[in-house]
Amino acid sequence: MPNGEFLTSEQLEGCFRALGWRWLSGPLPETWILPFRSAERSTVEMIIVDNGQANPNFIGVILPVMKGTQNRDCVQKALALANGVLGLVKICIDNDGDVTAHVCVPRQQGLFRCPMLRHAVEAVLLGAAFIRPILDCCLKDEHCDVEAALRSRLTGGPRS
Amino acid sequence: MPMLSRQQAGNFLANLGLRQVDRDIWAGQQWLVGRIFPVFVALREAFVEIEIPLNLVTQCDQILLHRLFNEINRQIAIGKFAIGSEIDHGGRMLVLRADLPVGTDEEYITEESMAILFAVAFKLIEKHFPEIENIFRQGCQISGASSEDQARGILGRLRIFHGSEEEHRA
């Protein structure tokens, strides 16, 4: 990534404001928590935004999806398949079994525009909503047919 | 670093030698790790995406591959290795996808961001393709099964094969 001026926290908060978002300070400096109402789950999703904390070249937009400690092989297959159909968002599982949806947004001022953040937030919300029923299948059914669960999501059929 | 409009981003791709194959999609090819890969670039409303099919088609559970993809994907900021959609002849193509969000149609993306996306995608193929191919060639694994179950699975598949041979002969 070339050198250049990075977005400051004030500029990032200015973007949140311009996009009409509310935010809370995160647990670490240069991190924020943004609540978004999820119509699908009737809950509030807490999206974490970091200003170059994970990677100095990017603003990280992260949504914790769920805990996937059981049937890890099934979960990893589900993620590999979902990552092949979902645009922009990437979904991973860490060693503790935490599944998260990520999007990176360029942090350099010349490369950044506020709507990029909106697209990033929409992508993590969509990604999490898409993958949850498939992961539920993995967690609840030892013999879950992941491909059938994926197909059902893509065709909008009954949830697995 | 001027922002390109979506239209200008398409012209940028055409100037690189990519061919427009659909309203939002440009196609080309790239020589990497001693072979030619197709390269597709999609200029979507919310993001730009480079997709490179790895020319490896998976037709069964390849747990080691799913694990490797997750490991790599966790460590990189942009890009993801994944299993693509089902293809005509059965099975699913392994793919690399690298995406960045865009602004608006008028202030869509910079040339620099597009160049970064190409560079990251090609670098990821160069770095990880040999290991991916190696693990892909190890074939199928049965999820969480005991060695007895695995043996039963293999016997079952042999019986199916034997059956289809007999059908073929008949």
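Across the interface of chain A and chain B, 17 residue pairs make polar contacts, both residues being at pLDDT 80 or more. A polar contact here is a pair of N or O atoms within 3.5 Å; within protein, one must be able to donate a hydrogen and the other to accept it, and residues adjacent in sequence count only if both atoms are side-chain atoms. Keep in mind that this is a predicted model, where local features need pLDDT of at least 70, side-chain atom pairs count only at pLDDT 80 or more, and totals for chains, interfaces and linings use all residues. Residues are numbered from 1 along each chain as its sequence is written, chains are lettered from A in the order in which they are written, and side-chain values use heavy atoms, with hydrogens and water left out.

So what does chain A bring to chain B? The elements giving two or more residues to that side are α2 (72-85), β5 (90-93), β6 (98-106), α3 (114-140) and α4 (146-155) of chain A; helices (H or I, at least four residues) and strands (E, at least two) are DSSP runs, numbered from the N terminus. The largest share, 10 residues, comes from α2(A). By type, the side of chain A that touches chain B has 21 nonpolar, 9 polar and 8 charged residues, with Ala, Val, Leu, Ile, Met, Phe, Trp, Tyr, Cys and Pro counted as nonpolar, Asp, Glu, Lys and Arg as charged, and the others, Gly among them, as polar.

In total, 38 residues of chain A are in contact (heavy atoms within 4.5 Å) with 41 of chain B. The two chains bury about 3,200 Å² between them, 56% of it from carbon and sulfur atoms; buried area is the accessible area (1.4 Å probe) that two parts lose on being put together, summed over both. A:Asp73, A:Leu88 and A:Lys90 supply 18% of what chain A buries against chain B, more than any other three residues.

Now for the charges. Side chains of opposite charge can pair when their charged atoms come close. There are 5 salt bridges between chain A and chain B, each a side-chain nitrogen of Lys or Arg within 4 Å of a carboxyl oxygen of Asp or Glu. In one of them, A:Glu147 pairs with B:Arg92, with the closest N and O atoms 3.0 Å apart.
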